[in-house]
Amino acid sequence: MSRIPQQLTMAVIIGNRGFFPSYLVAEAREQAVALFSRLGINTIMLDETQTELGGVETRQDAKICAELFRAHRDEIHGVVVLLPNFGDEKAVAETLRLSGLNVPVLVQAEEDNLDKMGLATRRDSFCGKISLCNNLRQYGIPFTLTTQHVCALSGEVFEKDLKRFEQICRVVSSMRGVRVGAIGARPAGFNTVRYSEKLLERLGIAVETLDLSEVFTRIKTLRDDDIRVDEKRRLLLDNADASAIPADKLVTMAKLFVVISEWVIANDIDTTAIQCWTSLQENLGINVCSIMSVMSGQLMPSACEVDVMGALSMYALASANMSPASIADWNNNFGDDRNKCVLFHCGNFASASLESPHMGTADIIGTTVGKENTCGAVHGRLKAGALTYFRLSTDDLSGEIKAYVGSGQSVDDPLDTVGCRAVIQVPKLENLLAWICRNGFEHHVAMNHAASAEILHEAFTRYLGVETYLHQ
């Protein structure tokens, strides 16, 4: 089961400054409780008995609030700071520092009304937000801004910002401590998918390895009528039309699926990268593509050709919006249209993203290992719609992890070919491809049906410390 968090918990800080109307704090708290409850977000916040109206204004307030947050540190995915009035910028910053939280922070400030600018009703949150952000920067605390400088807590603008912030928090939470399973050796001819485990370790990402010889040994211990084998066979049948696949090939695939799944569970693996050719074809007479397709559909993405960075890219995309991600080659030009191209892979895409998916053979690799030994590739056309593409890479020359991300469209222009394929449209595609080549990125790219480019850019650049190019 995927460990991407579905329901999130937010720590909420309501700033206050005594010579502004304090009743605004109580009003903000009431509105916040209603909004977060309606959106299904758990909250950790002070109540009216712990500080005045549950706000944070003094050093003592900051200590009380920080202690509350520390007690729930393992539950908290993000912090939302609300400024119903100017607020005390130092107290809010102190709260975050004392809490020890290392999660995304969203800063909201309430807007003033022109007919309420008297001493008893004015807020001055417009100014207070600038002061708070200045202090957060001094404290070295990264933060996210709302779309508008000030916005109503109960309004549509902030609700959209909060939903977007949820996605940022989910990406950051998912990527910290993610565990990748590298199954088999990188294909000898694919230097392009080399990566640095040591650089990943800096980000808290662990890589566990499994040799294919161990996989083959474990498969031999499984009987055809094992209940676990039947369970996996049914998952494969439900994933794509397999009417053209011989029964014995499906059983072999199911046994491979059992071995991979049990290793994944035993080692707390979140995403996998698998040696998909040519050892599997030569030893088992099958392709692993359908198994990878099922796992990606379960939000436990699986990348081809032991592309560990590709698997992590898929995982980041899936975590942003709980939508299955796939990996493909930047593969072909699309005639003379320089803003369109073809994405292609033998057959690993998540089936939910495809039109009429069916299981067949991998025709290209079949020319070298025998078509009959490649059963298991998924064939289908990517559905039309919004698309986000993303790629992480380790750069040993600079000692850094880097990435690029952007938005496009999967379009339904005619395309006569096999495997998993898509025609996509990307603004200024030629510029993007030149940037990819000049900066030494791989030929693989992860993508899914989403519009999350800016969310991934914010999560990785601001909170995960990964320089990320946003293509526009």
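This is a predicted model: local features need pLDDT of at least 70, side-chain atom pairs count only at pLDDT 80 or more; totals for chains, interfaces and linings use all residues.
Residues are numbered from 1 along each chain as its sequence is written, and side-chain values use heavy atoms, with hydrogens and water left out.

**Aromatic pairs**

I searched the whole structure and found eight aromatic pairs, where rings of Phe, Tyr and Trp (its six-membered ring) pair if their centres lie within 6.5 Å, and where planes under 30 degrees apart count as stacked, over 60 as edge-to-face and the rest as tilted. Y389 and Y404 make a tilted pair, because their ring centres are 6.3 Å apart and their planes stand at 55 degrees. I placed Y389 in strand β14 (residues 385-395) and Y404 in strand β15 (residues 400-411), 15 residues apart; strands here are DSSP runs of E with at least two residues, helices are runs of H or I with at least four, and both are numbered from the N terminus. Both Y389 and Y404 are buried, a word that means under 20% relative accessible area, with exposed over 50% and partly exposed in between (1.4 Å probe, protein chains only).

I then turned to W435 and Y469, whose ring centres lie 4.3 Å apart with planes at 20 degrees, so the pair is stacked. W435 belongs to helix α14 (residues 429-438) and Y469 to strand β18 (residues 467-471), so this pair ties together parts that are 34 residues apart in sequence. W435 counts as partly exposed because its relative accessibility is 21%, and Y469, with a relative accessible area of 25%, is also partly exposed.

For F441, I noted that the charged end of K402 sits over its ring, 4.9 Å from the centre; this requires NZ of Lys or CZ of Arg within 6 Å of the ring centre and within 35 degrees of the ring normal.

**Helix α3**

How many of the eleven residues of α3 are buried? I found eight in this helix (residues 89-99), which is mostly covered, and the buried residues include V92, A93 and L96. Among the elements that cover them, by contact (heavy atoms within 4.5 Å), I listed β1 (9-14), α2 (59-71) and α4 (125-138). After α3 comes G100, and its phi is positive, near 75 degrees.
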